2 protein chains.
Amino acid sequence: MVTFAEVTVSQLLDALASPSPTPGGGTGAAIAGAMGTSLLIMVTGLAKSRHNTDDEKAALTSAREALAPLKSRLTELADADARSFDGVMAAFKLSKASDEEKAARTQAIQAALQGATTVPLDTLRTCAEALTHARAVAEHGNRPAASDAGVAIGLLAAAASGANANVQINLDGIKDESFKAATGTEAARLSAAAAAHAATAMQHISG
Amino acid sequence: MVTFAEVTVSQLLDALASPSPTPGGGTGAAIAGAMGTSLLIMVTGLAKSRHNTDDEKAALTSAREALAPLKSRLTELADADARSFDGVMAAFKLSKASDEEKAARTQAIQAALQGATTVPLDTLRTCAEALTHARAVAEHGNRPAASDAGVAIGLLAAAASGANANVQINLDGIKDESFKAATGTEAARLSAAAAAHAATAMQHISG
């Protein structure tokens, strides 16, 4: 299967614009998060830091090491999101001719919806984690790259918020109340953390 | 020259993450804007609208026709941004051995900085224009695509804000006060319009 990492940007945009159900917002959010993470990594790799001190460079290196796997993870989540939503569509198409089939279909839809909720929750978690490193990048990154750090933080915040919207819309259809409550609580916690880290990092950009 | 539309998503991410000065935040903002625009186009193309009325479908078709060229424009601006910033870097590298060379270099830097300001201003303008159509998409789009519309609006708002950050950082180095004032005023106007349109559209998503 061709992954989104392997298609051209033009093909990705055309796929997002096409009326087919996937790829949709969940994939878009994951790729936007990967773009934001990539721009943070860029700032950590510049020859100069804000004041060129060893402490600054160590902080940027540490952020760089933490961010690299998150970039890969978000790229994978772009595909996982489309796959999980394809699973929901497939479950809805199952036969419902008999009571047994109806029950099996309902169970398949519920399982697929849980998957389609867990993936954007993971995207939200990964964006929130990337944003925990954004402050170090904003504070210690070279001043001429301030706008790159700003774009990065804005994209990660938008990606986190978009991932949360995808969690919520799929959560609406889930009947397992304990899954619903636990996932809703976790999504709210991660959204608040992502927003707080983004706001803190933004304050350090022009500082 | 290979355009960003032609590279794979993976190559785009690696280019954004690399410490070379381009592509940077301006390119990232333009591509994020193109992704948001693509997701709005997707919602306009769904077989069903919110209440399946003719008026709704006409409004979505009208938005779709307006959004299609903006998607292409933002893809082009991703390249124009990298090119304009390469121009700034090239101007800084010009010889400054004599007074004549120094003067020519200063003039070249100033011209290049104006170009590197005009491009993100155009990205900001295009995202603001896409956001003027977001309300119709949010209001009339099919309810199950609400999260797609939400991601689209979030990405366009982040792209507009990121483009504005790139306008401001390049504007800082410009000496022509009348260009600086006119561009600053236009960027502030477009940023306010983009934020207002995004907020209005978001209100209509769950309505």
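Predicted model: local features only at pLDDT ≥ 70, side-chain atom pairs only at ≥ 80, totals over all residues.
I started with helix 7 of chain B, where Phe179(B), Thr183(B), Gly184(B), Ala187(B), Leu190(B), Ala194(B), Ala198(B), Ala201(B) and Ile205(B) are buried (under 20% relative accessible area, 1.4 Å probe, protein chains only; helices are DSSP runs of H or I, at least four residues, numbered from the N terminus). Residues are numbered from 1 along each chain as written, chains are lettered from A in the order written, and side-chain values use heavy atoms, without hydrogens and water.

Next I looked up what covers those residues: the cover includes helix 4 (99-132), helix 5 (134-140) and helix 6 (146-171) of chain B (contact means heavy atoms within 4.5 Å). At the N-terminal end of helix 7 of chain B I found a cap, with a side-chain oxygen of Asp176(B) 3.0 Å from the backbone nitrogen of Ser178(B).

Then helix 1 of chain B (residues 9-17): its buried residues are Val9(B), Leu12(B), Leu13(B), Leu16(B) and Ala17(B). They cover an arc of only 130 degrees around the axis, so they sit on the same side of the helix (arc of the directions from helix axis to C-beta atoms). Their cover includes helices 1, 2 and 3 of chain A, together with helix 2 of chain B.

Last, I checked Met35(B). Beyond its neighbours within four places in sequence, I have Met35(B) in contact with Leu13(A), Leu16(A), Gly28(A), Ile31(A), Ala32(A), Met35(A) and Leu155(B).

How values were computed:
Buried < 20%, exposed > 50% of the residue type's maximum accessible area, 1.4 Å probe, protein only. Helix = DSSP H or I, 4+ residues; strand = E, 2+ residues; numbered from the N terminus. Polar contact = N/O pair within 3.5 Å; in protein donor to acceptor, adjacent residues only side chain to side chain.
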